[in-house]
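Hi there,

Here is the structure I promised to pass on. Have a look at it first, and then read my notes below.

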Amino acid sequence: MSARASAPGGLALVESLVNTLDLETGADRLDTPESRVRLGLAPDDDLAAVRELRESLRATLLAHAGHAPHGPVTPLGALLAAAPLIVAVSAEDGSAVLRPATDPAPLVARVAAAVAEALTADTWQRLKACEAPDCHWAYYDRSPAGRGRWCSMQVCGARAKMRRYRAK
C-alpha cells in the first residue's frame, strides 16, 4: 500500500509477513506459492500457524503505535517462546547476535531473531501498523520523533484528515 522504504535489518521480514494481508481488499498473499517462497516457507508449513503469527505481530505493531488490537490474538510472546535461538559470537570482532538454532530455520525462529536484533538496535518500537481501520499496513516509522500514525501520509493520512475536515 505504501511507498515507504522497507524496515531495516530483520524487521523487513516482519514487515513483509504482516503486509501479506491487505485488510481493505481481503487479498492474502499467503494464498500464492510465490509469496510463500519469498517468505522462505516450505510447502508443508502450517499456514494457519503462519497466519496466527502474522496477526499476533500486527497486534503488537498496533500497540507500538498506541492502538488496540483489531481482534483477539495469541500473545506474540507465547508464539516466540517456541522459537529455538542461539547466541552466535563472531571470532573476528567478538560481536554477538541471536540467530535461529536450526537451518533452515522455521519462520517463527526467523521472526524471533529479527525481534531480538531490533531490540538490541532499539528499532523494534518503530515498526508499527497503520492507524486506519481498513488498512493496518505495517510500516517502519522514520519520523524524527517516532510518532508516525499512517503507512502513507498521501493515502491513509490524507483520508483521515479529509474525514476530520468533513466532520467539522
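Predicted model: local features only at pLDDT ≥ 70, side-chain atom pairs only at ≥ 80, totals over all residues.

Let's start on the surface: Asp44, Asp45, Asp46 and Glu52 gather there in a patch of negative charge. Patches take residues with over 30% relative accessible area and no salt bridge, joining like charges within 9 Å and nonpolar side chains (Val, Leu, Ile, Met, Phe, Trp, Tyr) within 5 Å. Asp and Glu count as negative, Lys and Arg as positive, while His and the chain ends are not counted; a charge is placed at NZ of Lys, CZ of Arg, CG of Asp or CD of Glu. Areas come from the Shrake-Rupley method with a 1.4 Å probe, and for residues only the protein chains shown count as cover. Asp46 sits in the loop between helix H2 (33–38) and helix H3 (47–64).

Residues are numbered from 1 along each chain as its sequence is written, and side-chain values use heavy atoms, with hydrogens and water left out.

The chain has 6 helices and 4 strands (DSSP runs numbered from the N terminus: helices are H or I with at least four residues, strands E with at least two). Their order from the N terminus is α-α-α-α-β-β-α-β-β-α.

Now for the salt bridges, 8 in count (a side-chain nitrogen of Lys or Arg within 4 Å of a carboxyl oxygen of Asp or Glu). Glu24 and Arg159 form one of them, at 3.4 Å from N to O. Glu24 is in the loop between helix H1 (11–18) and H2 and Arg159 is in helix H6 (residues 153–167), so this pair ties together parts 135 residues apart in sequence.

There is also a network of salt bridges linking Asp28, Asp31, Arg51, Arg54, Glu55 and Arg58. In it, Glu55 pairs with Arg54 at 3.0 Å and with Arg58 at 2.9 Å. Arg58 counts as buried because its relative accessibility is 0% (buried is under 20% relative accessible area, exposed over 50%, partly exposed in between, with a 1.4 Å probe and protein chains only).

Asp103 and Pro104 are joined by a cis peptide bond, with omega about 5°. His136 is not a glycine, yet has a positive phi of about 55°; its loop runs between strand S3 (127–129) and strand S4 (138–140).

Cheers
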